Each structure stands twice: as structure tokens, then as C-alpha cells.
Amino acid sequence: SGSPHVHTSRTVRSCMWYVVAALVPALGCALFYFGLGALAVVSVSVLSCMAFEYLIECYMLGRRPQLSNGSAILTGLLLALNLPSNLPAWIVVIGALVAIGIGKMSFGGLGCNIFNPALVGRVFLLLSFPAQMPSWPLPLADRLEYVDAATGATLLSRIKMGEVSADDIDLVDNALGLVGGSLGEVGSIALLLGMVYLLATRIISWHIPLSIMGTVVLFALCIGSNVGVELLSGGLLLGAIFMATDYVTSPMCHKGMVVYGVMIGLITMVIRHWGAYPEGVSFAILLMNSFTPLINRYCHPSLFGRVKKSKK
């Protein structure tokens, strides 16, 4: 069968639902700050991902649907957290179709995809709808509005355009989520609580998220950037904790995970400071997803029962 292959009593279904549970604090922040728009985007995204996976498995792949394992729900939830709360429903449906149909099922389904499906859908929408995607609603403003909510630029966009200095940013507001952005960009504290939960339940290890964050911190110190802003702004925490740690698309051994995380952090910072986009986490993770097989080839543990030969 397809990966992931883990020697434990834990099932794929339980792992998926653990991650969904870890996302509950971030989802609660999104619903609190963006109201009706967040509820609409999350509902449409999750239901569309479930519907497309069911239809593709039943009528195209001719096999029994596996919706109960929670992977389609998790993909829909992660896709929604990467979108603005005022995105029209029909665009969300297109993103779900690309995420499930192209990012996941075209490779054979769960365990066979080489790219994170939610990020495939998010990047497709970002490139296909450049007018609608960067329109970020303001938190705590027009929470009863959906498409017509008041919007503004994200913090990283304002810094990149020179409208505000990173040193003038209130990190407390940033940590609490009082900044514009996607549903999953607000509430850094909620995302960190999710990371603690995943680490405590051993769903993920520390190697990928901390190597990404550590690389961003070192890079920011080297170029004189504000460390707090770099860590708490944009989708860095969402990507490092919930997207880059995907079992299927990340390396298998700890040494490979560190290499993978360091490269994601480097690419993210390069795109942020010298690229055309103010945020680069999605592109960095997808790029390193393609290098995961190569990393697994050169960074792997010894085979069980094989003794390493000592160098003379």
C-alpha cells in the first residue's frame, strides 16, 4: 500500500483527526475575527473537498470512498485557512477541485501524492485569481459581511511596500491576530497551542517546525530584520506546523527533516525579501516537497540489522 508506513498502533484516521483537533484553536480565532465570511469559506472548502474526493473515488477510480479517515476534511480545512474570508464560494470550490483532483487523487490518493494538496489548491488560486486572493479582510470589522467585508493589505505587504517599518509593529497585536490576512495567519498563539498538542501526542516531531523557525530567526538576525515580525507574520507558523510536517510529502528520517526544514526557511526568507511576493512559505514548501525523494535517498537511517562499516 501507499505511504505513510509507520510501525505503531496508531492509524491514519486517528492521525488525521489529531491534526484536525490541533487546528481547532486557529479555527476558533478565524471565526471570532472574521465571522460569517470565515464560516462560509471553511464550510464550502471542507464540503467541496469531501464531495470531490467521493466522486473521484467512486466514478473515476472505481473504489470504495474513504471519507471516514478524515484526510479530505483536513485538506479542506487547511485550504480554507490559507484563503481570505471574503473569497467568493465559486473560487473556493475551484481551489478544492484542484487540491483534491490534481494535488491528491491524480497521484492515486492518500499516501501517493508528492505535493501538499491544500498548498497546490492555494497556489493555483493565487496565480489564477490575483485580484481576489490578495484582498484580505480586516479582523473584527464587518463580521456579519461575507464578500463585501472591509479589506486591507497584510502586514508583510505593507512592510514590503514601505508603508510601515517592521520596528513599529505591535507584536502583541500580531500574536493575538489583530492584523489582516488569511484565516490561518491570525492568532499565532492559537497555532503554537496546536503545535504543543501535536508534539505532546507525538503526531509530529520537533525537527521540521523548529528547523524552519530557527532558520528564519538566524536569517533575520543576519540581515537585520525584526525576528518577531518574521516569525509571527504571514503563514510561517501555519506552514511550519501543519503543512510542512505532512507525513507523505516530508522526509522520513530526522536528519532529512532538518535539511528539509532549513531549506524551507531559507527559501521563505529569500522570497519575502527579494521576491515578487511578500510571502513565500507556500512556494517554499511545495518546492521542497519535490526534493523529498532525493532527501530520503541520501538522508536515511541504517537498514534494520545492518551494521555500519567503520572507516579506516
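So, Arg-272 and Glu-230: both are buried, where buried means under 20% relative accessible area, exposed is over 50% and partly exposed is in between, with a 1.4 Å probe and protein chains only. They form a salt bridge, with the closest N and O atoms 2.9 Å apart; the criterion is a side-chain nitrogen of Lys or Arg within 4 Å of a carboxyl oxygen of Asp or Glu.

Before I go on, the housekeeping. This is a predicted model, so local features need pLDDT of at least 70 and side-chain atom pairs count only at pLDDT 80 or more, while totals for chains, interfaces and linings use all residues. Residues are numbered from 1 along each chain as its sequence is written, and side-chain values use heavy atoms, leaving out hydrogens and water.

Okay, back to that pair. Arg-272 sits in helix H13 (residues 254–274) and Glu-230 in helix H11 (residues 227–232), so the bridge ties together parts 42 residues apart in sequence. Helices here are DSSP runs of H or I with at least four residues, strands are E runs of at least two, and numbering goes from the N terminus. Arg-272 also bridges to Glu-279, closest N and O atoms 3.1 Å apart, and Glu-279 is buried as well. Shared partners join Glu-230, Arg-272 and Glu-279 into one network.

How many salt bridges does the structure hold? Four. Another of them pairs Arg-63 with Glu-57, at 3.4 Å between the closest N and O atoms. Arg-63 is partly exposed, at 35% relative accessibility, whereas Glu-57 is buried, at 4%.

Now the helix packing. The axes of H3 (residues 36–60) and H4 (residues 71–81) come within 8 Å and cross at roughly 145°. Those axes are lines fitted to C-alpha atoms over the stretch in contact, with angles from 0 to 180 degrees between N-to-C directions. Residues of H3 that meet H4 include Val-42, Cys-49 and Met-50, and on the H4 side there are Ile-73, Leu-77 and Ala-80, among others; contact means heavy atoms within 4.5 Å.

Last stop, H2 (residues 24–34). Which of its residues are buried? Ala-26, Leu-27, Ala-30, Tyr-33 and Phe-34. Down the axis of H2 they fall within an arc of 135°, so they line one face of the helix; the arc is taken over directions from the helix axis to the C-beta atoms. Those buried residues pack against H3, H4, strand E1 (136–137), H8 (171–176) and H9 (188–200). And just after H2, Gly-35 takes a positive phi of about 60°.
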